[in-house]
Amino acid sequence: MDKSFLKKLGLKTNNHGTSTGLETTTSGKYITSYSPVDGEMIGKVSKTTREEYDAMMDKALVAFKEWRMVPAPQRGEVVRQYGEALRKCKDPLGRLVSYEMGKSLQEGFGEVQEMIDICDFAVGLSRQLYGLTIQSERSRHRMMEQWHPLGVVGVISAFNFPVAVWSWNAMLALVCGDVIVWKASEKAPLCSVACQNIFRDVLKANNVPEGVSNIINGDYKVGEFMTKDTRVPLVSATGSTRMGKIVAATVAQRLGNSLLELGGNNAIIVTPHADLELVLTGAVFGAVGTCGQRCTSTRRLIVHEDMYDVIKKNLVKAYGQLRIGDPLDENNHVGPLIDKDAVAMYLDSIAKAKAEGAKFIVEGGVLEGAGYESGCYVKPCIAEAENHYEIVQHETFAPILYLMKYKTIEEAIEIQNAVPQGLSSAIMTNNMREAERFLSPEGSDCGIANVNIGTSGAEIGGAFGGEKETGGGRESGSDAWKVYMRRQTNTINYSTKLPLAQGIKFDF
């Protein structure tokens, strides 16, 4: 495979096969990145030691004192230039995302485009960090509310979106005046080094301290450097619900703030008034896109009993036409799972589903032979199941779709909501009453609720996140910027007197 894209991103290797990223290490320990595409080693990244972390934090804190005083529109200009640099690097960075993570090349390019889009959004935001003017009950007094940067924002990202989710957090935090420490997934560490290499050049060209944007590498223990660090007022973490509970508890113990984007168990409701073509497109892409490794992937398809047989037939036919293979080949629909641990989890989930009574109408399994040497390629599968099955109640990060039926729209919404997670949801219908019911307070309990599009994916203009065990966090658009800032209420007295609350008087 042609890997010239690595060199274009500054990912050179020495005679140890080690990526020369931004840090050196005193520990002599490394994270090795293997591609799930072909099983080959891409490179190694040095693990961050505690001493290196503390030295980096010292630089970050110094950089923050300077960065917070740069006018927000000027901070936005730096972010704009990063977006321009990403445009120039879209091809090699998109290929790295596809090769290191395993998603299709189109999705790799799309993820870099999301980074570009959030840069554009953040540039506009840099001129719109609005406060409020509040009417005071006291004569010749003015009250106002303003927002100030928090400081160091820690970002813990997951392997499935190895660059985009960081940018959702980082670009907004940067225009807000914060500085960033990024702990990327140890399953896709080279993506973070590449992003930092690109950004480093932009910062240098603008005389911005390098400590404004930082990366640390390692497993969960390195992440604990941030979650336990009182110098990091906000930790934004994306990953499993299990991980999120640990992060939330650790950060809360020191009264810090956490922004959590955790598991999803997303469903599409299909009513008798649905457009069958939309159903098929939304369900198949939602279930098999990124090999089922999106937090917004479609896990459950809840179909009205009158539509059930035709939907089932259409799905089986569509799954039979899926092309599974090298994700850098744009003719393929489905790439590999991230690693063999994910494959084992996929097989275990299938076994548990069968043990609980699920009937597989499209069988799963691991693919072998030419083109599948990495051992990470699996068959997307479909099972008829009940919502109460224990395995259905859990998120499986793999292309397993559970098919179930309902009689009334009330029952469908109840099934949709009857899981611990609450990220994304959708209804397929051309009936206005059904759509509005789904979007009402008695409808979907998820942070994202769609009509006539699937559960997978989201536009950067809207706040992204979910409820219940999804964590309650919101990233990207709308007013998500507020989480990266601290609110301050100000009162200005421009009179010659100092009236006290509750009419209290002091006689001097």
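Me: Which residues make the nonpolar surface patch?
Reply: First, a caution: this is a predicted model. The patch is made by Leu498, Leu500, Ile504, Phe506 and Phe508. Its area is about 650 Å².

Me: Why is Ile504 called partly exposed?
Reply: Its relative accessible area is 46%. Buried means under 20%, and exposed means over 50%. The value for Ile504 falls in between, so Ile504 is partly exposed. Ile504 lies in the segment after β21 (485-493).

Me: Is Ser33 buried or exposed, and how do you know?
Reply: Ser33 has a relative accessible area of 1%. The cut-off for buried is under 20%, so Ser33 is buried. Ser33 is found in strand β1 (residues 30-34). Leaving aside residues up to four places away in sequence, Ser33 touches Glu40, Met41, Ile42, Gly43, Glu100, Pro189 and Leu190.

Me: What makes Glu40 and Lys3 a salt bridge?
Reply: Their side chains meet at 2.6 Å, N to O. The limit is within 4 Å, so the pair counts as a salt bridge. Glu40 sits in the loop between β1 and β2 (41-46), and Lys3 in the segment before α1 (4-8). They are 37 residues apart, so the pair links distant parts of the chain. Glu40 is partly exposed at 40%, and Lys3 is partly exposed at 24%.

Me: How many salt bridges does the whole structure hold?
Reply: A search finds 25. Arg50, Asp54, Asp58, Asp229 and Arg231 are linked in a network of them.

Me: Why does the pair of Arg87 and Asp120 tie parts together?
Reply: The two side chains meet in a salt bridge of 3.1 Å, N to O. Arg87 lies in helix α3 (residues 72-88) and Asp120 in helix α5 (residues 105-125), so the pair ties together parts that are 33 residues apart in sequence. Arg87 is partly exposed at 36%. Asp120 is partly exposed at 39%.

Me: What is Lys183 called, buried or exposed?
Reply: Lys183 has 6% relative accessibility. Under 20% is buried, so Lys183 counts as buried. Lys183 forms a salt bridge with Glu186, the closest N and O atoms being 3.0 Å apart. Glu186 counts as partly exposed, at 34%.

Me: Why do β7 and β9 stand at the edges of their sheet?
Reply: The order of the five strands is β7-β6-β5-β8-β9, in an open sheet with parallel pairing. β7 (213-216) and β9 (257-261) each have a single partner strand, so one side of each is left without a neighbour in the sheet. On average, neighbouring strands are turned by 15° against each other, direction ignored.

Me: How do you know that β5 and β8 pair?
Reply: Pairing needs at least two bridges. Strand β5 (residues 152-156) and strand β8 (residues 234-238) have four, in the parallel sense. Val153 stands opposite Leu234 in β8.

Me: Which helices lie across strands of this sheet?
Reply: Helix α7 (residues 189-205) lies across β6 (179-183) and β7, at about 160° to β7. Helix α9 (residues 241-253) lies across β8 and β9, at about 170° to β9.

Me: Why is strand β11 called largely enclosed?
Reply: Seven of the seven residues of β11 (residues 298-304) are buried, so the rest of the structure largely encloses this strand. Strand β10 (residues 266-270) runs parallel to β11, joined by five bridges. Asn266 stands opposite Thr298 in β11.

Notes. Residues are numbered from 1 along each chain as its sequence is written. This is a predicted model: local features need pLDDT of at least 70, side-chain atom pairs count only at pLDDT 80 or more; totals for chains, interfaces and linings use all residues. Side-chain values use heavy atoms; hydrogens and water are left out. Helices (H or I, at least four residues) and strands (E, at least two) are DSSP runs, numbered from the N terminus. Buried means under 20% relative accessible area, exposed over 50%, partly exposed in between (1.4 Å probe, protein chains only). Contact means heavy atoms within 4.5 Å. Patches are made of residues with over 30% relative accessible area and no salt bridge: like charges are joined within 9 Å, nonpolar side chains (Val, Leu, Ile, Met, Phe, Trp, Tyr) within 5 Å. Accessible areas come from the Shrake-Rupley method with a 1.4 Å probe; for residues, only the protein chains shown count as cover. Axes are lines fitted to C-alpha atoms, for helices over the stretch in contact, and angles run from 0 to 180 degrees between N-to-C directions.
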